[in-house]
There are 2 protein chains.
Amino acid sequence: MIETYNSIPKPESDEIKQRLEAAHQRLAEQQLLMKDNKLPVFVLFEGWGAAGKGTVLGRVIKDLDPRFFTAVSIHDPSPAEKRKPFLARYFAEIPEAGQFKFLDAGWMTEITKDVLFDRINKQTYKNRIGSVLRFERSLTDNGYLVLKFFFHISKKEQAKRLETLMESKETAWQVDDYDIWENEHYDECGKVFDKFMEDTNTSTVPWNVIDAKSRKWAELQVMETLVAGIDVALKNHNLTVPLIQNIFPLNRMPKLKDVDLKKTISEEDYKVQLKELQEKLENIHNQAYLKGIPIIIAYEGWDAAGKGGNIKRVTAALDPRGYEVHPIASPKPFEKSRHHLWRFWTRLPKTGHFAIFDCTWYGRVMVERLEGFCSENDWQRAYNEINEFEKELSDWGAVIVKFWVHIDKDTQLARFTDRQNTPEKQWKITDEDWRNRDKWDLYEQAVDEMIAKTSTTYAPWHILESNDKKYARIKALKILIDALEKALKEKK
Amino acid sequence: MIETYNSIPKPESDEIKQRLEAAHQRLAEQQLLMKDNKLPVFVLFEGWGAAGKGTVLGRVIKDLDPRFFTAVSIHDPSPAEKRKPFLARYFAEIPEAGQFKFLDAGWMTEITKDVLFDRINKQTYKNRIGSVLRFERSLTDNGYLVLKFFFHISKKEQAKRLETLMESKETAWQVDDYDIWENEHYDECGKVFDKFMEDTNTSTVPWNVIDAKSRKWAELQVMETLVAGIDVALKNHNLTVPLIQNIFPLNRMPKLKDVDLKKTISEEDYKVQLKELQEKLENIHNQAYLKGIPIIIAYEGWDAAGKGGNIKRVTAALDPRGYEVHPIASPKPFEKSRHHLWRFWTRLPKTGHFAIFDCTWYGRVMVERLEGFCSENDWQRAYNEINEFEKELSDWGAVIVKFWVHIDKDTQLARFTDRQNTPEKQWKITDEDWRNRDKWDLYEQAVDEMIAKTSTTYAPWHILESNDKKYARIKALKILIDALEKALKEKK
């Protein structure tokens, strides 16, 4: 690829100047249109050391309104970042709707360095490529414009530039050991870069290789690609995205109406088992902590089904330094203006920790679907997006357990009435609960579809029969313990 | 991929029946919408032998209006087809706007068989994959919906079905040697199929692997994917397509205003050289014929620049059985309703033959651009589409020579006036010629851009200074001879 990069000959400098002016002017106009159309633009600058990424980036943003863009330098992952999935820090950086985000180096640098220094094997490389492809596709599917630039210079040119930089004290700091190593191993690096770009060159997020020998010409190539890309993205507002076939192995699940809700447990059995299971969980949590296994527990269920009480029985068994409970309400404006999974990507546990979600990313295919908070295309696409999200977590090594806390309509009515009539419980019941109850049948249909389409073998749903809350608590603890024991056995 | 194919569990037969009915009804409605929206739908059925492709295809089309679909079986290429580029017979089959085309087997079968029987090496495989990716992308970029199905059954199931088919005389003909071989080499085939699907699985044209164990369930998967795909495509009418960076090596070309049109040749030199060069060309044509090199000559130029006379001096040297001249006028309705390159893909020479185009596929970026016959996005995209088209031809082994026959505005006026005033030449001049002349400056700008962006090293433009037509003729012959000699030398 690098060998066949953009070979449009460099124009005369007068022409470059003229075209640069036009492009900068257009970009300033586009920034307002981006804001009006809520278009997020994510720009990745990659390339050879000393190829001038930073300089050109500085020129690109010079006429932009600083309220609407951020430029971030990405370095080698810190120890804390290494305790999160590979994609987490890039997902965290996605721009808000209507804004620019510029990354000076990013997932290409991280992966290619890992290859060059033999830190990952072929299979991990392949998995990373898969992650990148899904990440980029999921962004564009959700209306993001993603642009990738690779700044290309020759070995000789790079050597010359590094030398010049090192000659002066003011600029020598810009050169690090890796830059020198890269120049010494230019051909080897070139092959790895080529392969990476070939592996991640898609029609929606293609690579743009920039001839970076001349600064102004490089700037013009970037500016014109940027401007053309934004124009296209502005025109394609509200694109309907093709649905992708499910490729993940699914468990066959019953429909809610076929779930037997008569299951109960005696008070005595409950007490004995609860104590026993909590002790067991505490012990297993310690082992999981030592082995660095992250645990993600997702709770969904009907209003008044007993999610809160169920979660309490789990957390009661855990060392408070080793878990976090995330109550998920409707998204805040800064969350709403990003990819629907962003607020979950940024709430992942560290390795060895529990993250318990009280309501989850499944809101997309339940409340957001039924209340029209997203388009039909959005929620239809979300099943696959969620399966992919959980696959990333599972590949990272996470244990994922998803609970649907289930009751019948009569039980809900009894609990609602009880709440309404008991002063100290009244805060628990709102008008919205009653409105949701009116839509029970629609919700049931949506939940059936959700469970059928997202109960993957690596992140299965478990239905907790919670007409008897105690039965449901014991069942949840047993399922958790089973899942953790299995993971511990596999990770010897 | 096959291992992780669509694992949504098969529904109960009642549900299948109900959903099938709904899908067939929707498809019948969609057919009318496709017609209204001029949406072409290209459906590829691939899969294991005896997996039931044909049967399901028969069910899919049962409620369709036969005026608006065609179903074609693709077999191993014939000797005549082998004398065309790999993609030519698939490009020839693309549907018209508003119509369905169903292919029973296609480019996947051809390529994977070639791999399985060691008929192509790794590099050719890679080139084929590149061709397929560009083909599919170019179709979707031009508003086609392309859907690919792979019918999957297990080795055991396939063996059972082949046996059943062979048991009866009425069905035994359906089983060929390849089917039996495929079953015997099931695992080997599976690997090759997997790799092919992985290599050609894109977000715009993904593979849909169909669990084909049950006929009705297979039919439902195909129908629902088809219906969902058409719904999305209908919504995305008039999509603006991102422009792709040029990755082809370009020659630096002068602007038209900088071309020296004062070049001339004396009458005497002309006569001597013409004879000499034509003899040489005749001889070289014979050699090219023997070596099976196809030659494609593209003529574009100003009205009255002397294209016709120039072409005559070339053809005069050729054996009439070995060349064809294609005069290209504005597209007929059946051509207009297909991809803009379709009428050129179907006019390619056989190996060893000349195809001379009097006006070409460059109409897209000249007259169609300036007269608004296509959208801005269409013609902007066309530079790359054309470079890719010519790359296919070049990779196939074709020599491609493109002439811009150039004169200045005054010379054109003189020739127009002469035509108008000479009764036997009056047919050569129309009102349209005068109207085009009024747009000279716009055309010049478009031609400059076209020459700059499509003068690839493998299909270069040559500017023929044709104020002196004779000079231009001699130059054209020399360029042709040079290009052919070079190709002959390389193909020893």
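Before the sheet itself, a definition: two strands count as paired if DSSP finds at least two bridges between them. Strands (E, at least two residues) and helices (H or I, at least four) are DSSP runs, numbered from the N terminus.

What you see above is a predicted model, in which local features need pLDDT of at least 70, side-chain atom pairs count only at pLDDT 80 or more, and totals for chains, interfaces and linings use all residues. Residues are numbered from 1 along each chain as its sequence is written, while chains are lettered from A and ligands numbered from 1 in the order in which they are written.

Start with chain B. Its open sheet has five strands, ordered S2-S3-S1-S4-S5, with parallel pairing. At the edges stand S2 (69–73) and S5 (207–211) of chain B, each with a single partner strand, so one side of each has no neighbour in the sheet. S2(B) runs parallel to S3 (residues 100–104) of chain B, and five bridges join them. One pair to look at is B:Thr70, whose bridge partner in S3(B) is B:Lys101.

Now the interface. Here 30 residues of chain B are in contact with 30 residues of chain A, contact meaning C-beta atoms, placed from the backbone, within 7 Å. On chain B, S5 and helix H11 (215–235) each supply at least two residues of the side that touches chain A. H11(B) gives the most, with four residues.

Methods. Contact = placed C-beta atoms within 7 Å.
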